[in-house]
Amino acid sequence: QQEPEMTDKDLELYNKLIPQIQKNPENQDEIIEQEAKKMNIEISQSYIDKIKHYLEKNLKKFGILTPLMEEPRVSIIDVNPYGKINATYDNEYLPVNIKFDSKHDLIKFQKILANRFSYPLKKEAQINIQSPDIKITGIHSNTSPVLKIEKLKQ
């Protein structure tokens, strides 16, 4: 199934919505509507549904990395600049058969992660996010984005 396309304006709206939706997940439709109006975006139910699709997918999960994040034997996920992914699975470093479709998708995913952890992301800069459960490092770059997610032992 084809994912609905996110424009830059959609992404801008989405990024503004994340902290609000995290605080108040019950009123998604209203919050999306109010923010979209402020940005002069034409809204329809299908538009709201599209934004909600991305919010649900990304707030609860880790996009295409979700299966790796949910697999307890995976301790480290490594994404190289071309979107290829390796994982440390039971202490063995292995390539996996999922990948980001493009550098642009990886950069978008970095932005989503940064927003989720309220991390200020700068172009061509290091990423260093730490939460009690995971450590996210990498380089946010248009030319060679890199991402590494380490699951911290509880």
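Helix H5 (residues 103-116) has 14 residues and should span 20 Å at 1.5 Å a residue, which agrees with the 20 Å between its end C-alpha atoms. The expected span is 1.5 Å times one less than the number of residues; helices (H or I, at least four residues) and strands (E, at least two) are DSSP runs numbered from the N terminus. The model is predicted, so local features need pLDDT of at least 70 and side-chain atom pairs pLDDT 80 or more, whereas totals for chains, interfaces and linings use all residues. Residues are numbered from 1 along each chain as its sequence is written, and side-chain values use heavy atoms, without hydrogens and water.

Buried residues of H5 include Leu 106, Ile 107, Phe 109, Ile 112 and Leu 113 (buried: under 20% relative accessible area; exposed: over 50%; partly exposed: in between; 1.4 Å probe, protein chains only). Ser 118, which follows H5, has a positive phi near 50°.

The structure holds one aromatic pair. Phe 100 and Phe 109 form this tilted pair, at 5.3 Å centre to centre and 45° between the planes (ring centres of Phe, Tyr or Trp, the last by its six-membered ring, within 6.5 Å; stacked under 30 degrees, edge-to-face over 60, the rest tilted). Phe 100 is buried, at 5% relative accessible area, and Phe 109 is buried at 5%.

Ile 77 stands opposite Ile 149, and Ile 134 has Lys 151 as its bridge partner. Five residues separate E5 and E6 in a hairpin. Leu 147, Ile 149 and Lys 151 make up the covered face of E6, and Val 146, Lys 148 and Glu 150 the uncovered one.

Technical notes
Two strands pair if DSSP finds at least two bridges between them.
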